[in-house]
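Open the model in your viewer and keep the sequence panel beside it. This tour tells you what to select next and what is there.

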Amino acid sequence: MRFIKDGPDIPDRLVQAHEDGEVVFFCGAGISYPAGLPDFEGLTFGIFEALGENPSPSEKKAIDEKRFDQAIDLFERRIKNRPLVREKIQKVLTPKDLSDRSTTSTHSALLALAKSQDQTVRLVTTNFDRIFCRVGPSVRHYVAPLLPIPKKSRWNGLVYLHGLLPENNDAAALNSLVVSSGDFGLAYLAERWASRFVTELFCGGSGCLDSFCQFISGAW
(Lines give C-alpha, C1' and ligand atoms only; values in the text may rest on other atoms or scores of the structure.)
Protein backbone atom coordinates (compact mmCIF):
# COMPACT_ATOMS: atom_id res chain seq x y z
CA MET A 1 0.00 0.00 0.00
CA ARG A 2 1.36 3.42 -1.00
CA PHE A 3 0.04 6.50 0.81
CA ILE A 4 1.79 9.00 -1.47
CA LYS A 5 2.83 8.85 -5.12
CA ASP A 6 6.17 7.06 -5.57
CA GLY A 7 6.31 6.51 -1.81
CA PRO A 8 7.35 3.27 -0.11
CA ASP A 9 5.12 0.23 -0.46
CA ILE A 10 3.92 -0.50 3.07
CA PRO A 11 2.91 -4.15 3.63
CA ASP A 12 -0.78 -4.54 4.39
CA ARG A 13 -0.02 -6.62 7.47
CA LEU A 14 2.09 -3.78 8.87
CA VAL A 15 -0.73 -1.32 8.27
CA GLN A 16 -3.15 -3.65 10.04
CA ALA A 17 -0.75 -4.18 12.94
CA HIS A 18 -0.46 -0.42 13.31
CA GLU A 19 -4.24 -0.02 13.41
CA ASP A 20 -4.36 -2.74 16.06
CA GLY A 21 -1.83 -0.88 18.22
CA GLU A 22 0.84 -3.54 17.80
CA VAL A 23 3.51 -1.38 16.14
CA VAL A 24 6.15 0.33 18.27
CA PHE A 25 8.13 3.25 16.86
CA PHE A 26 11.74 3.34 18.05
CA CYS A 27 13.83 6.46 17.36
CA GLY A 28 17.28 7.80 18.12
CA ALA A 29 19.53 10.82 17.63
CA GLY A 30 18.87 11.24 13.91
CA ILE A 31 15.42 12.70 14.44
CA SER A 32 16.94 15.67 16.29
CA TYR A 33 19.55 16.56 13.66
CA PRO A 34 17.29 19.25 12.11
CA ALA A 35 17.26 21.01 15.49
CA GLY A 36 21.04 21.17 15.45
CA LEU A 37 21.60 18.44 18.02
CA PRO A 38 24.46 15.91 17.65
CA ASP A 39 24.71 12.15 17.51
CA PHE A 40 26.65 10.21 20.18
CA GLU A 41 30.00 11.10 18.61
CA GLY A 42 29.09 14.77 18.45
CA LEU A 43 27.89 14.69 22.05
CA THR A 44 31.18 13.17 23.18
CA PHE A 45 33.26 15.83 21.46
CA GLY A 46 30.83 18.47 22.69
CA ILE A 47 31.44 17.46 26.31
CA PHE A 48 35.21 17.76 25.95
CA GLU A 49 34.87 21.10 24.19
CA ALA A 50 32.45 22.50 26.76
CA LEU A 51 34.91 21.70 29.53
CA GLY A 52 37.98 22.86 27.62
CA GLU A 53 39.54 19.40 27.85
CA ASN A 54 41.40 17.17 25.41
CA PRO A 55 40.89 13.40 25.51
CA SER A 56 43.54 11.39 27.29
CA PRO A 57 45.28 8.62 25.28
CA SER A 58 42.85 5.99 26.59
CA GLU A 59 39.85 8.24 25.95
CA LYS A 60 41.08 9.03 22.43
CA LYS A 61 41.51 5.31 21.74
CA ALA A 62 37.91 4.68 22.82
CA ILE A 63 36.70 7.53 20.59
CA ASP A 64 38.70 6.28 17.60
CA GLU A 65 37.11 2.86 18.09
CA LYS A 66 33.63 4.44 18.28
CA ARG A 67 33.21 3.42 21.92
CA PHE A 68 31.85 6.79 22.93
CA ASP A 69 30.10 5.53 26.07
CA GLN A 70 33.43 4.20 27.36
CA ALA A 71 35.20 7.46 26.50
CA ILE A 72 32.68 9.39 28.58
CA ASP A 73 33.02 6.91 31.43
CA LEU A 74 36.81 7.23 31.41
CA PHE A 75 36.54 11.02 31.30
CA GLU A 76 34.11 11.19 34.22
CA ARG A 77 36.44 9.01 36.27
CA ARG A 78 39.51 11.04 35.32
CA ILE A 79 38.17 14.46 36.27
CA LYS A 80 36.22 13.06 39.25
CA ASN A 81 33.32 15.41 38.60
CA ARG A 82 30.39 13.49 37.14
CA PRO A 83 27.82 16.21 38.00
CA LEU A 84 29.75 18.77 35.94
CA VAL A 85 29.90 16.44 32.94
CA ARG A 86 26.14 15.90 33.21
CA GLU A 87 25.53 19.65 33.27
CA LYS A 88 27.50 19.97 30.03
CA ILE A 89 25.48 17.15 28.46
CA GLN A 90 22.37 19.18 29.19
CA LYS A 91 23.94 22.24 27.56
CA VAL A 92 25.06 20.35 24.44
CA LEU A 93 21.64 18.74 23.97
CA THR A 94 19.51 21.85 24.47
CA PRO A 95 18.39 23.28 21.08
CA LYS A 96 19.11 26.95 20.56
CA ASP A 97 16.06 27.70 18.41
CA LEU A 98 12.95 25.64 17.65
CA SER A 99 10.89 28.42 16.11
CA ASP A 100 11.25 26.94 12.61
CA ARG A 101 8.70 24.13 12.29
CA SER A 102 11.14 22.11 10.16
CA THR A 103 13.26 21.51 13.27
CA THR A 104 10.45 19.58 14.97
CA SER A 105 8.46 18.20 12.02
CA THR A 106 9.90 14.69 12.38
CA HIS A 107 8.94 14.58 16.05
CA SER A 108 5.40 15.72 15.23
CA ALA A 109 5.13 13.10 12.49
CA LEU A 110 6.36 10.34 14.79
CA LEU A 111 3.85 11.25 17.49
CA ALA A 112 1.08 11.10 14.89
CA LEU A 113 2.27 7.80 13.42
CA ALA A 114 2.75 6.21 16.82
CA LYS A 115 -0.92 6.72 17.67
CA SER A 116 -3.23 3.78 16.91
CA GLN A 117 -6.96 3.90 16.16
CA ASP A 118 -7.81 3.79 19.86
CA GLN A 119 -5.44 6.76 20.45
CA THR A 120 -2.84 4.62 22.20
CA VAL A 121 0.71 5.94 21.72
CA ARG A 122 3.54 3.43 21.36
CA LEU A 123 6.83 5.28 21.00
CA VAL A 124 10.32 4.68 22.43
CA THR A 125 13.32 6.98 22.16
CA THR A 126 16.93 6.77 23.32
CA ASN A 127 17.22 10.56 23.06
CA PHE A 128 17.62 12.76 26.13
CA ASP A 129 16.45 16.04 24.60
CA ARG A 130 13.04 17.57 25.36
CA ILE A 131 11.82 18.22 21.80
CA PHE A 132 9.04 15.64 22.10
CA CYS A 133 7.91 17.45 25.27
CA ARG A 134 7.53 20.62 23.25
CA VAL A 135 5.59 19.17 20.32
CA GLY A 136 3.49 16.72 22.35
CA PRO A 137 3.01 18.20 25.82
CA SER A 138 -0.16 16.18 26.44
CA VAL A 139 1.47 12.81 25.68
CA ARG A 140 2.29 10.81 28.78
CA HIS A 141 6.02 10.35 29.35
CA TYR A 142 7.76 7.41 31.01
CA VAL A 143 11.30 8.32 32.04
CA ALA A 144 13.97 5.76 32.89
CA PRO A 145 14.48 4.09 35.23
CA LEU A 146 10.71 4.21 35.88
CA LEU A 147 9.60 2.34 32.76
CA PRO A 148 6.15 0.88 32.03
CA ILE A 149 5.26 -2.76 31.60
CA PRO A 150 5.42 -3.11 27.79
CA LYS A 151 1.94 -4.57 27.36
CA LYS A 152 -0.68 -2.98 25.15
CA SER A 153 -3.17 -2.63 27.97
CA ARG A 154 -0.66 -1.02 30.36
CA TRP A 155 1.42 1.21 28.14
CA ASN A 156 0.18 4.38 26.49
CA GLY A 157 2.80 7.05 25.90
CA LEU A 158 6.38 7.92 25.12
CA VAL A 159 9.21 6.01 26.76
CA TYR A 160 12.54 7.75 27.35
CA LEU A 161 14.57 4.55 27.57
CA HIS A 162 17.83 6.24 28.58
CA GLY A 163 16.43 9.15 30.56
CA LEU A 164 15.25 12.70 29.90
CA LEU A 165 16.99 16.03 30.44
CA PRO A 166 15.27 17.90 33.28
CA GLU A 167 13.80 21.35 32.75
CA ASN A 168 16.21 22.70 35.36
CA ASN A 169 19.53 21.56 36.82
CA ASP A 170 18.02 18.57 38.61
CA ALA A 171 21.15 16.67 39.66
CA ALA A 172 19.28 13.40 40.27
CA ALA A 173 17.70 13.42 36.80
CA LEU A 174 21.02 14.24 35.13
CA ASN A 175 22.74 11.51 37.11
CA SER A 176 20.14 8.99 35.86
CA LEU A 177 20.96 9.53 32.17
CA VAL A 178 22.28 6.38 30.50
CA VAL A 179 25.26 7.79 28.62
CA SER A 180 28.49 6.22 29.92
CA SER A 181 29.53 2.57 29.77
CA GLY A 182 28.95 2.38 33.52
CA ASP A 183 25.40 3.63 33.02
CA PHE A 184 24.77 1.02 30.32
CA GLY A 185 26.11 -1.65 32.66
CA LEU A 186 23.64 -0.67 35.37
CA ALA A 187 20.69 -0.31 33.00
CA TYR A 188 21.19 -3.52 31.05
CA LEU A 189 23.26 -5.86 33.22
CA ALA A 190 23.33 -4.99 36.93
CA GLU A 191 19.99 -3.39 37.81
CA ARG A 192 18.52 -4.58 34.49
CA TRP A 193 15.53 -2.24 34.36
CA ALA A 194 16.27 -1.36 30.72
CA SER A 195 16.96 -4.94 29.68
CA ARG A 196 13.71 -6.14 31.25
CA PHE A 197 11.78 -3.58 29.25
CA VAL A 198 13.44 -4.22 25.89
CA THR A 199 13.50 -8.01 26.12
CA GLU A 200 9.80 -8.07 26.92
CA LEU A 201 9.07 -5.55 24.19
CA PHE A 202 11.20 -6.92 21.36
CA CYS A 203 12.07 -10.48 22.24
CA GLY A 204 9.59 -11.92 24.67
CA GLY A 205 12.62 -13.38 26.44
CA SER A 206 16.40 -13.05 26.80
CA GLY A 207 17.55 -14.65 23.54
CA CYS A 208 18.30 -11.47 21.62
CA LEU A 209 19.38 -9.22 24.50
CA ASP A 210 23.11 -9.26 23.62
CA SER A 211 22.58 -8.15 20.02
CA PHE A 212 20.04 -5.55 21.08
CA CYS A 213 22.43 -4.05 23.67
CA GLN A 214 25.18 -3.87 21.04
CA PHE A 215 22.77 -2.03 18.74
CA ILE A 216 21.73 0.42 21.45
CA SER A 217 25.30 1.15 22.55
CA GLY A 218 26.54 1.68 19.01
CA ALA A 219 23.63 3.47 17.40
CA TRP A 220 22.47 5.98 20.02
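A polar contact is a pair of N or O atoms within 3.5 Å; within protein, one must be able to donate a hydrogen and the other to accept it, and residues adjacent in sequence count only if both atoms are side-chain atoms. This is a predicted model: local features need pLDDT of at least 70, side-chain atom pairs count only at pLDDT 80 or more, and totals for chains, interfaces and linings use all residues. Residues are numbered from 1 along each chain as its sequence is written, and side-chain values use heavy atoms, with hydrogens and water left out.

**Stop one: a histidine.** Select His-162 and Tyr-188. Their side chains make a polar contact of 2.8 Å. His-162 sits in the loop between strand E4 (157-160) and helix H8 (171-175). Helices (H or I, at least four residues) and strands (E, at least two) are DSSP runs, numbered from the N terminus. Is His-162 buried or exposed? His-162 counts as buried because its relative accessibility is 0%. Buried means under 20% relative accessible area, exposed over 50%, partly exposed in between (1.4 Å probe, protein chains only).

**Stop two: the sheet.** Show the strands. Four of them form an open sheet in the order E1-E2-E4-E3, with parallel pairing. Two strands pair if DSSP finds at least two bridges between them. Strand E1 (25-27) and strand E3 (141-143) are the edges, each pairing on one side only. From one strand to the next, the twist averages 20°. Now zoom in on E1 and strand E2 (residues 122-125), which pair in the parallel sense over three bridges. Phe-25 has Leu-123 in E2 as its bridge partner.

**Stop three: a proline.** Go to the loop between E3 and E4, where Pro-145 is found. The peptide bond joining Ala-144 and Pro-145 is cis, with omega about 5°.

**Stop four: two helices.** Select helix H3 (residues 57-64) and helix H4 (residues 68-79). Their axes are 7 Å apart, at an angle of about 165°. H3 and H4 are therefore roughly antiparallel (angles over 145 degrees count as such). Axes are lines fitted to C-alpha atoms, for helices over the stretch in contact, and angles run from 0 to 180 degrees between N-to-C directions.

**Last stop: positive phi.** Select Lys-80, in the loop between H4 and helix H5 (82-92). Its phi is near 55°, a positive value in a residue other than glycine. Lys-80 is exposed, with a relative accessible area of 72%.

Notes: Parallel < 35°, antiparallel > 145°, perpendicular 65-115°, else oblique.
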